[in-house]
Amino acid sequence: MSGFAFHVSRDGKPTKYDIKDALKPRSGFVWVHLSTNNDHAQDWLTNAAKLDDYLVEALTATETRPRCEQFGEGALLNLRGRSEDQLASSDPLASVRIWAMGGRVISITRKKLTAIDHVEKCLKEGRVRDPGDLITEFATAITADLDPDVADLGDDLDECETQLDQDRIFELRHTVTRVRAQSIGYRRFLAPQRTALEKLATLPVAWLGDDDRTHLSAAADRAARMAEELESIRERSALMHEALTDLRAEQIDQRALIISIVAMIFLPLTFLTGLYGMNVRGLWLADQPWAFDAIVGICVLTAVGVTTYFVRRHWLRG
């Protein structure tokens with residue numbers, strides 16, 4: 001089991017401790033962060049942190065969705081944010097599970113959360129003085145870290161829309177599919193994350209100050225805006241995919257038309273050459289020495305006549 005623990009004094013000075021010594025009685029508050037994929041976290045939460053079985057199960061669950069629940073004077077919070085680790089396309093955001101109460105915050109991740117470094121930096125700089133500040137930094141860092149990614153998805157789709165061309169259909173379809181899948185994956189968690197942050201901001205707990213509630217509400221609004229943007233990106237991606245499908249169908253139709261016209265041009269020529277290719281008597285001009293030139297001339301005139309007809313009907317570009 002890996003992780004770290006900080007004790008923050010009342011004046012905001014952080015001190016790093018080993019996890020096994022983190023929960024010794026001290027003034028101020030303690031932040032313990034565990035990064036684990038095994039059962040050691042359950043053992044520590046049960047025997048060292050003395051948490052209820054329900055909380056231990058919630059903090060170590062394999063799959064979680066953003067939520068917020070109050071238990072006494074404490075709050076269980078699940079959030080989702082970006083990770084530098086490779087994640088499945090259906091689950092593109094890593095989770096952080098947080099148990100917060102007066103004097104103590106415990107957070108657990110299975111994948112490295114990008115926002116953890118920012119929160120740790122804020123704590124070391126003395127900007128975190130209580131559990132409310134720490135939770136606020138988590139919410140703010142996660143939403144701020146996701147915002148550029150959401151904006152990039154919109155920019156990628158804008159670029160596809162401006163470069164709509166038959167010669168780039170496959171490349172554009174690949175980009176649109178990626179953007180749509182990623183936007184769906186993000187929105188799956190951002191919508192409930194907004195609800196979780198809004199609920200946390202209204203919890204009647206003493207360790208959340210008015211400024212903390214204001215910042216949590218701002219993070220919830222930012223999550224709501226990103227969820228709305230992702231919904232717009234998803235709808236635009238669907239329309240863009242339909243436009244590319246229509247463009248591809250039009251491209252196939254144009255090529256099929258050209259093939260059909262070429263076949264129509266050579267159809268009478270094939271008939272004529274096939275007819276004069278028969279080894280029988282009685283064919284017109286069969287005994288004339290200039291018959292070959294005449295037949296070639298007739299074929300040329302026929303091809304020119306059929307082509308001219310198609311051009312005048314605008315089936316070919318003249």
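This is a conversation about how the labels used for this predicted model follow from their cut-offs.

Reader: What should I know about the source of the values?

Author: The model is predicted, so local features need pLDDT of at least 70 and side-chain atom pairs count only at pLDDT 80 or more, while totals for chains, interfaces and linings use all residues. Residues are numbered from 1 along each chain as its sequence is written, and side-chain values use heavy atoms, with hydrogens and water left out.

Reader: Which elements make up the chain, and in what order?

Author: There are 7 helices and 7 strands, running β-β-β-α-α-β-β-β-β-α-α-α-α-α from the N terminus on. Helices (H or I, at least four residues) and strands (E, at least two) are DSSP runs, numbered from the N terminus.

Reader: What makes the chain more spread out than a compact globule?

Author: Its radius of gyration is 35 Å, well over the 20 Å that the globule rule gives for 318 residues, so the chain is more spread out than a compact globule. The radius is taken over C-alpha atoms, and the rule is 2.2 Å times the number of residues to the power 0.38. The C-alpha trace spans about 120 × 35 × 30 Å along its principal axes.

Reader: Why is the pair of aspartate 158 and arginine 236 called a salt bridge?

Author: A salt bridge needs a side-chain nitrogen of Lys or Arg within 4 Å of a carboxyl oxygen of Asp or Glu. The closest N and O atoms of aspartate 158 and arginine 236 are 2.4 Å apart, so the pair meets that definition. Aspartate 158 lies in helix H4 and arginine 236 in helix H6, so the pair ties together parts that are 78 residues apart in sequence.

Reader: How do you know whether aspartate 156 is buried, partly exposed or exposed?

Author: Buried means under 20% relative accessible area, exposed over 50%, and partly exposed in between (1.4 Å probe, protein chains only). Aspartate 156 is at 25% relative accessibility, so this residue counts as partly exposed. Aspartate 156 also forms a salt bridge with arginine 178, with the closest N and O atoms 3.1 Å apart. That pair links helix H4 to helix H5 across 22 residues. Arginine 178, with a relative accessible area of 35%, is partly exposed too.

Reader: What makes a group of residues a nonpolar core?

Author: The members are buried Ala, Val, Leu, Ile, Met, Phe, Trp, Tyr and Cys residues joined through side-chain atoms within 4.5 Å. The largest such core here has 57 residues, and those with the most contacts inside it are Trp31, Leu134, Ile135 and Leu200. H4 gives the most to this core, with 11 residues. A second, separate core of 19 residues includes Ala22, Val32, Leu45 and Ala58.

Reader: Which residues does tryptophan 31 contact beyond its sequence neighbours?

Author: Contact means heavy atoms within 4.5 Å. Leaving aside neighbours within four places in sequence, the partners of tryptophan 31 include Phe4, Phe6, Val119, Leu134 and Phe138.
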